[in-house]
Amino acid sequence: FTHSSYGRRFHAHKLQELLPTGMISRQMLIDLEEQLGRVGQATNVNVVIIRASGTVFSAGHDLREILGHDAGDVRALFQQCARTMSVIRHLPQIVIAEVAGIATAAGCQLVAACDLAIASETAQFATPGVKIGYFCASPSVQVARNVPRKKVAEMLFTGDFISAADAQASGMVNRVVPEEALAVASWQFAQQIARWSLPVLAAGKEFLHQQLEMTEEGAAQYGVEYMTRQSPTPDAMEGMTAFLEKRAPQWSDR
């Protein structure tokens with residue numbers, strides 16, 4: 001994988017690619033967690049794009065790290081995967097998955113774990129564990145939080161691919177573009193977000209994820225408290241003042 005960070009200046013880090021087939025090894029998950037951890041400390045980066053370095057986004061876990069290994073090894077692999085997905089969830093920056101080719105099993109999980117996703121028209125998504133007798137339990141956690149119940153059940157119980165258009169219609173992908181336009185389109189998507197204040201984006205991301213786990217009444221009260229707490233922050237005061245004065249705001253992180 002390659003992850004690119006977009007803020008007021010560009011910089012990118014290439015992650016260790018252990019297999020040319022786009023499989024997710026435990027070491028790759030460790031590398032991704034470490035890279036994202038460093039990005040999370042950066043105050044000049046507002047958006048992260050995760051893309052593959054090859055033509056396949058991800059074919060999922062490397063089965064050679066599972067088959068024949070004892071329970072401790074298998075548990076460590078999936079615990080690492082869960083930790084890496086959690087890092088994405090708690091990262092202050094907004095994370096976009098840029099998907100070309102296929103995204104299956106843990107690769108599909110990674111797309112679902114990202115805040116936003118953009119895919120090429122030829123991209124395909126699947127949770128095909130049933131086809132090898134190994135139900136995609138871990139991937140289903142994030143996928144089921146993106147896709148309606150009946151659709152995720154279809155994906156999990158058939159193991160069949162869905163198209164990029166179907167993924168967009170189901171809510172897993174935000175945008176679908178021609179393959180040749182994918183890289184440019186993902187940068188433009190990032191630019192739409194990166195122009196806003198990082199403290200506002202980070203607080204908003206946290207609120208979004210928290211309230212989704214609440215009842216409607218609980219979420220409504222949480223929203224009241226959030227709006228109250230945010231109103232005197234520097235960026236809220238600057239943004240409202242700039243709006244009333246009909247000028248561009250000067251965010252605190254610039």
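## Close-up views of a predicted model

**View 1. A nonpolar surface patch formed by Leu63, Ile132 and Tyr134.** Leu63, Ile132 and Tyr134 make a nonpolar surface patch of about 280 Å², where patches consist of residues with over 30% relative accessible area and no salt bridge, like charges being joined within 9 Å and nonpolar side chains (Val, Leu, Ile, Met, Phe, Trp, Tyr) within 5 Å. A salt bridge here is a side-chain nitrogen of Lys or Arg within 4 Å of a carboxyl oxygen of Asp or Glu, and accessible areas come from the Shrake-Rupley method with a 1.4 Å probe, only the protein chains shown counting as cover for residues. Leucine 63 is found in the loop between β5 (60–61) and α2 (71–90), and with a relative accessible area of 42% leucine 63 is partly exposed (buried means under 20%, exposed over 50%, partly exposed in between). Helices (H or I, at least four residues) and strands (E, at least two) are DSSP runs numbered from the N terminus. The model is predicted: local features need pLDDT of at least 70, side-chain atom pairs count only at pLDDT 80 or more, and totals for chains, interfaces and linings use all residues. Residues are numbered from 1 along each chain as its sequence is written, and side-chain values use heavy atoms, with hydrogens and water left out.

View 2. Strand β4 runs parallel to β6 (residues 94–99), to which five bridges join it; strands pair if DSSP finds at least two bridges between them. Isoleucine 49 has isoleucine 96 of β6 as its bridge partner.

View 3. Three strands in the order β7-β9-β10 form an open sheet with mixed pairing, and its edge strands, β7 (102–104) and β10 (162–163), each pair on one side only. Helix α3 (residues 106–113) packs on the sheet and touches β7 and β9, its direction making about 95° with that of β7; axes are lines fitted to C-alpha atoms, for helices over the stretch in contact (heavy atoms within 4.5 Å), with angles from 0 to 180 degrees between N-to-C directions.

**View 4. Threonine 104 in strand β7.** Threonine 104 lies in β7 and counts as buried at 6% relative accessibility. The C-alpha atoms of threonine 104 and serine 58, which are 46 residues apart along the chain, are separated by 6.3 Å.

Methods. Buried < 20%, exposed > 50% of the residue type's maximum accessible area, 1.4 Å probe, protein only.
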